[in-house]
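Keep the structure open beside you as you read.

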Amino acid sequence: MMEGACMVVNRAFLWSSPRLIEKLGVKDVWIKGLSYDSMSRVSRRRFISQFVGFGGAFLYVSPVLPAPMLEKESDVIRYRKLSNGVKIQDIVKGEGIEAHEGDLVEVNYVCRRSNGYFVHSTVDQFSGESRPVKLPLDDAEIIQGLKDVLVGMKVGGKRRALIPPEVGYVSENLKPIPDEFGPRRSLLSHAKEPLIFEVQLLKVL
């Protein structure tokens with residue numbers, strides 16, 4: 001393949017062959033089915049840095065947080081690691097009211113396994129319809145890892161985080177938890193593994 005060529009890939013290829021794209025000299029990668037559009041474009045450099053740098057865990061886009069795929073190539077999303085093991089990326093810095101511990105907030109979120117497979121979302125991935133949830137920023141009611149992600153965010157902000165199980169669903173009563181039996185069971189079945197949350201802060205109530 002000539003240097004500077006483009007390539008169309010599907011989800012399975014993403015998880016299996018990130019290094020191959022680099023070796024082939026592909027300039028642009030078109031990814032099927034990862035956003036509202038039928039395909040999303042991402043530069044080779046971003047594809048390699050995002051996918052390989054985070055072990056594949058952070059390379060996906062949902063209707064809630066499409067920003068990473070829309071950034072310019074020169075923009076590099078950094079992540080920071082908290083003392084409890086939570087890794088956080090600021091995708092969009094909000095400009096509204098800042099959330100503090102003890103506040104009640106309204107958010108949209110997408111939860112996935114660390115390999116990128118979908119678990120649950122407040123946004124319907126087909127229609128785009130959202131059902132935001134209200135979460136108290138209190139360790140007794142919300143998973144600690146997500147509380148730590150939300151504290152300090154400003155309204156309009158978007159973050160992506162890798163949450164270890166030790167600060168995740170250590171109790172079945174912790175929020176956010178789906179009301180429906182199927183999604184609830186699916187989420188709790190992965191409670192003992194790291195989970196990826198993409199969260200958008202909508203309101204501080």
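**From one serine to the core**

Ser 121 sits in strand S7, which spans residues 118-121; strands are DSSP runs of E with at least two residues, helices are runs of H or I with at least four, and both are numbered from the N terminus. This is a predicted model, in which local features need pLDDT of at least 70 and side-chain atom pairs count only at pLDDT 80 or more, while totals for chains, interfaces and linings use all residues. Residues are numbered from 1 along each chain as its sequence is written, and side-chain values use heavy atoms, leaving out hydrogens and water.

Is Ser 121 buried or exposed? Ser 121 is buried, at 14% relative accessible area (buried is under 20%, exposed over 50%, partly exposed in between, with a 1.4 Å probe and protein chains only). Its side chain reaches the backbone oxygen of Tyr 109 at 3.2 Å, and a polar atom of the Ser 121 side chain lies 2.9 Å from the backbone nitrogen of Val 123.

Now look at the largest nonpolar core, which has 30 residues. Such a core is a set of buried Ala, Val, Leu, Ile, Met, Phe, Trp, Tyr and Cys residues joined through side-chain atoms within 4.5 Å. Among the members that touch the most others are Val 105, Leu 150 and Phe 197. Strand S10 (195-204) is one of the elements giving two or more residues, and S10 gives the most, with 5.

Finally, a word on confidence: the mean pLDDT (the predictor's confidence in each residue, from 0 to 100) is 75 for the protein, and 62% of its residues reach 70 or more.

Notes
Polar contact = N/O pair within 3.5 Å; in protein donor to acceptor, adjacent residues only side chain to side chain.
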